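Thank you for making time for this one. I would like to walk you through a single structure, starting with one residue and then moving out to the places where the chains meet.

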Amino acid sequence: MKPPAFEYVRPATLDEAVTLLADSSRENKVLAGGQSLIPLLNFRLAFPQRLVDIKGIASLSSLRREGNALVIGATTPTREVELSSTVKQALPILSEATRWVGHVQIRNRGTVGGSIAHADPSAEIPALCVLLGAEFLVRSPRGSRTAAAEDFFHGFLSTDLQPDEVLEAVRFPIPVAGSRWGFREFALRRGDFALAGAGCVLEVSGGAVTDARAVVFGASDVPIRASDAESALQGQRLTKETIAQAAARAGTRLQATAAGDADRAYRAEVAEVMLRRALEDALDHGETPAGAA
Amino acid sequence: MTNSTPAAVDVRCRVNGVDTTLSVEPRTLLSDALRHDLGLTGTHVGCEHGVCGACTVLLDGKSVRSCLMFAVEAQGAEISTVESLAPEGQPLSPLQKAFHEQHGLQCGFCTPGILMSLTALIREHPDAPDDEIALTLDGHLCRCTGYKNIVKAARAAMRA
Amino acid sequence: MSPHPNPPPQAGEGEPSRGRHVGHSIGRVEDERLLRGNGRYVDDIDLPRQLHAAFVRSQQANARIKAINIERARSAPGVALVLTGHDLGHLNKPLPLLGPNPALTHPKTQRPLATERVHYVGQTIACVVAETRYLAEDAASLVEVEYETLPAVVDLGTAGQVSQRVHDDVPGNVAGAIHDAIGDVDAAFKEAAYTEKLRLSIERSTASPIEPRGVLADWDRKLRRLQVWDSTQAPVAIKHGLAKMLALSQEQVDVTAPDVGGGFGTKIMLFYPEELVIPFAAKQLGRPVKWSEDRWEHFVSANQERGQIHDAEVAFDREGRILGVRTSFLHDTGAFIPYGIAVPANTSTHVIGQYRIKNYDVRATILYTNKPPVSPYRGAGRPHAVFVMERLICAVARRLGMEPHEVRRRNLIPTNEFPYDTGLHIDAPVRYDSGDYVKGFELALKHLDPAGFRKQQEKARKEGRYLGMGMGTYVEATGPAPYESCRAKVEESGRVIFDVAVASQGQGHQTTLAQIAADALGVEFDHVVVREGDASRVEDGIGTFGSRSLLLAGNAVAAAAGELKTQIAAYAAELFECAPGDIVIQRGRVHVAGNPARDVSLRDLAMMANPIGYPGERDGMVVGPAYGDALKRAKERPAAAPMFEARGYFGAGQQLYGSGVHAATVEVDPETGRVRMLKYIVVHDCGVIINPAIVEGQILGGVAQGIGGALLERLTWDESGQPQTTSFMDFRLPTVDDIPEVVLDHVETPSPLNPLGVKGTGEAGIIPASAVVAEAVEDALSPFGVHVSAMPLFPSDVKRLIREAG
């Protein structure tokens, strides 16, 4: 289990990086934290000819609040997001979700951008991006563009990113103050890839839900908004019953994929349970971190 | 399928407090460079895909898998391995001593990685509650001890 | 159970099972080196001019090899050698079969490198040796193997019926069959008030030591000697076997098992292909060659275990007394059967366990499948046996509306029936040497408190929570024949060296054997040095497996210490002019009984005994003759051994039976199927305990491995025989989160069949775990009417059971 040979470059600027990536004489691959890429290399499941290490680009490691958004640079370690008081305050659900990413030792090295670009369907950060309607800042030799999270994930390990593009940062809109939230995931062991997970952010005003966002991840090849559940909750009072009904509506529509011992029906069922429990967390104690599945 | 092998590159870093220059092929895993170039064989390799945790070292004070890092990525970094915990002639660290007293190791293969993760935890959080200890240890596989005595050792070291 | 570095003076002396050292949780002498990172495992050893090997392994489960093209690999950068089976010449014949047995009608073992046919994904086809492991892997990927694919035999349940074959000349894929019986089972079933029948299965699993396998070999062309470092549990057996296969004298081959990072049975294979190919390559090249198995290789090529399907029946009366048990089972041995019938034979002899069952019939059909070979993994056939028996107990309980523990209580072997002869006989009689099963059982029940738990369970159910409890009893045959040996010597430093042929993979022999030696000889613990794992020091014995090292090597150490004592007493008697029987050895000093003031240290005695006084510091000569006298003595009695040196051997003549009772409580989430362990209880009996902390460590480790086996670990293949679990992401070992509070308690019935009174305990922790968890989950989900008949139980399996029951 030794990686195949490759060239290694460590550009100091984003311009340099995208120029290197645009050189199509070689098969290039961006290296950020490497926590997903290096296992693939060690198993010899990938054979890039050149790794472009973007950790030398200082501007990519950043975390700041910009008005009603939280902007996180691509090479910011997951652990930094988890521990950040800015994140805890502005976006506690992101703080909670990052606690479920692998293990501490992986989060110390793994990056926010790496998780997004790798696009594992079980990954928590892409799910949060879809849930919150995040925007991605993408750079290429052609310039900068933004991409909406909802359209970004195409399938298993597949995204909207072109070979010469680098994900620069992710911009999370911050939900209105007092929004309720919940996050749950189910894996055989803590730190394993989720069999299914769910998150939600609910704005509640005058006892009724005025805006509902929910996401289900892990159960299918991309994280998906649980729009059936969202619309079912719209305008409703949050009760165990309305939550159960909303989750059930989402569950019946869920197109789950089988994985290992978990068949499609089982995954769909667990996804529905996770969604219901995430919504219940929002009901009970939305403003404190949710418990484990 | 093989790609051509690029020449070795120099990596300057600080390992266990000593300025070191490694000359490695870009694909050399940090775990291999530590073990076979520097002879620091206390860092063990159990899976090479980041799950078992035996190869855990501290990179700029943070616990990371040395099998999920290329040595070239350590340019300018400060690395600590298990050999740094009690240099020759020095007594065992309180954590190491606790492992001995609580029978927290059997075959000893997973132990160095666990010691490094717990060392980082104790530095950051000297009185970490049990669930934080568990969150640190769940990134390590031990097949001998059943973990109970490892947890006891971690708690004892926190009290020490 | 906090161990202390030194035993409290006099503590426990006088009690039969406690000495100054024996019976105390002395901290391990192994620890300091390992904790400092100064362990030395095979891959830690780098020799000058060393090369690295990688293997080309079959990508097909069942195929004929049409061609192997190594040309591109041979010319790849850094490559020194590419070997195929043809290059091995006469060495490429089937590897040894351990324990041939008439029951094994069609034994098959693999060749070091496959040339014409492959039988499982992962089987060795070629070996590439290059300057680095990276380059060796690069070149290995250039070896082209052309296959003619054959349909694979994967499913154990149908392996005996399908037309495709794992080996062309093995009809029905049947390697062999076992039958044994006691009493009159047919009559028992005819007369019984009730019978129950269950189909039960345990799927394939693997030990997964965290250190994979590894071999480093160095052939010295000038001295014509082979030195091998092997991550094995049996360096001595590897040495003898290698010498035979390579046509060398045993004196030319040294095999060392340095620190070994866990074994659990996986590392006692005689031989794995790599253990022969790497020394061969080193010999051919005249350069050291190292192969360090990676995790993927471990999953596809290291031996595995579990994998049985039982059709089991029980006959019983209205009071729940078991009148007869029958089981007919299929055993998956994988593509080869290097270990003979060891695993299914263990299953067959361990089913009746602690129960007084006088009519029992067992049949095993051993089947080949296109999967890695099977050899013992901690428990070695016993977890399957206990799972079967305890599932039958639960079936009896259900039928009679009784608590399972009540059924157990009514069937336990009474304490006054020991030694208890089961009447079974596979290789040797199955005779329980000692035990008090009733005491252990009642103790476990006390810890479990079934009545209290039932109330708690009732209350929880009202809150929509599902709690359950389970229990399991077992016996464990420990200390397989024939013997182990020890070579002991008093150094002039005063240290006493004990060399043993066994090897440690974490069991702490250097501590426990030293405790035995220190007490047996009368010296301080820190003056004893136990060396193991080096076949050049002691050549007689086998190694560590079957919970045998402490039992057999421990008694061999005690025997060697006893012989040393005789020699010391004889010499000291001359010195003190008294009878040897009056000599007392205590804490490393020797004196005449009743006159402790006139004494001599063992160190000085050792120096005196040897007429050669080596240059260096000579001090501490407080008493006794001058060196001249020693010289004179040597002249007078030239044949007398000039030093204290002894051999000790021990074989018990039969296996000794440890036993225990486990119980657990669980909570099941019926929405997700997750099973959470709440509490695990162990009461066990391994006879006299040498070091409580180490025994408890063995048990705790076994319990965790058992919980993993019950809830997390399962090896799978697709229908073409491609393995689906080849990483630690797919094959999930338990982590710290998965292990609940464990309550440990002991019963101590010394074995009458060895001087120390000990029994083995290495495998005890794992044996009943699957049975216990199965019962606890079934109990938790009893409102759904769930029956558990297959292990492991993943959350998806639990959900399926609920769905099927509903």
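Glu763(C) sits in the loop of chain C that runs between strand 28 and helix 19 (769-780), where helices (H or I, at least four residues) and strands (E, at least two) are DSSP runs numbered from the N terminus. Is this residue buried or exposed? Glu763(C) counts as buried because its relative accessibility is 7%, the scale being that buried means under 20% relative accessible area, exposed over 50%, and partly exposed in between, with a 1.4 Å probe and protein chains only. Leaving aside residues up to four places away in sequence, Glu763(C) touches Arg378(C), Gly379(C), Ala380(C), Arg382(C), Glu476(C), Gly546(C) and Ser547(C), contact here meaning heavy atoms within 4.5 Å. With Ser547(C) there is also a polar contact, side chain to side chain, at 2.9 Å; that term stands for a pair of N or O atoms within 3.5 Å, where within protein one must be able to donate a hydrogen and the other to accept it, and residues adjacent in sequence count only if both atoms are side-chain atoms.

Please keep in mind that this is a predicted model, in which local features need pLDDT of at least 70 and side-chain atom pairs count only at pLDDT 80 or more, while totals for chains, interfaces and linings use all residues. Residues are numbered from 1 along each chain as its sequence is written, chains are lettered from A and ligands numbered from 1 in the order in which they are written, and side-chain values use heavy atoms, with hydrogens and water left out.

Let me turn to chain C and chain B. Here 59 residues of chain C are in contact with 54 residues of chain B, and the area buried between the two chains is about 4,500 Å², with carbon and sulfur atoms giving 58% of it; buried area is the accessible area (1.4 Å probe) that two parts lose on being put together, summed over both. On the chain C side, Leu35(C), Arg36(C) and Tyr134(C) lose the most area to chain B, together 19% of what that side buries. The count between these chains is 4 salt bridges, each being a side-chain nitrogen of Lys or Arg within 4 Å of a carboxyl oxygen of Asp or Glu, and Arg35(B) forms a salt bridge with Asp43(C), the closest N and O atoms being 2.6 Å apart.

Next come chain A and chain B. In this interface 34 residues of chain A are in contact with 36 residues of chain B, and about 2,900 Å² is buried, of which carbon and sulfur atoms give 56%. Ala5(A), Gln105(A) and Arg109(A) supply 22% of the area that chain A buries against chain B, more than any other three residues. How many salt bridges does the rule find across the interface of chain A and chain B? There are 7 salt bridges, and in one salt bridge the side chains of Glu73(B) and Lys55(A) meet at 2.5 Å, N to O.

Finally, a word on confidence: the mean pLDDT of chain A is 94, and 97% of its residues reach 70 or more, pLDDT being the predictor's confidence in each residue, from 0 to 100. Over residues 287-293 of chain A, however, the pLDDT is below 50, and this stretch has 24 contacts in the model beyond near neighbours in sequence.
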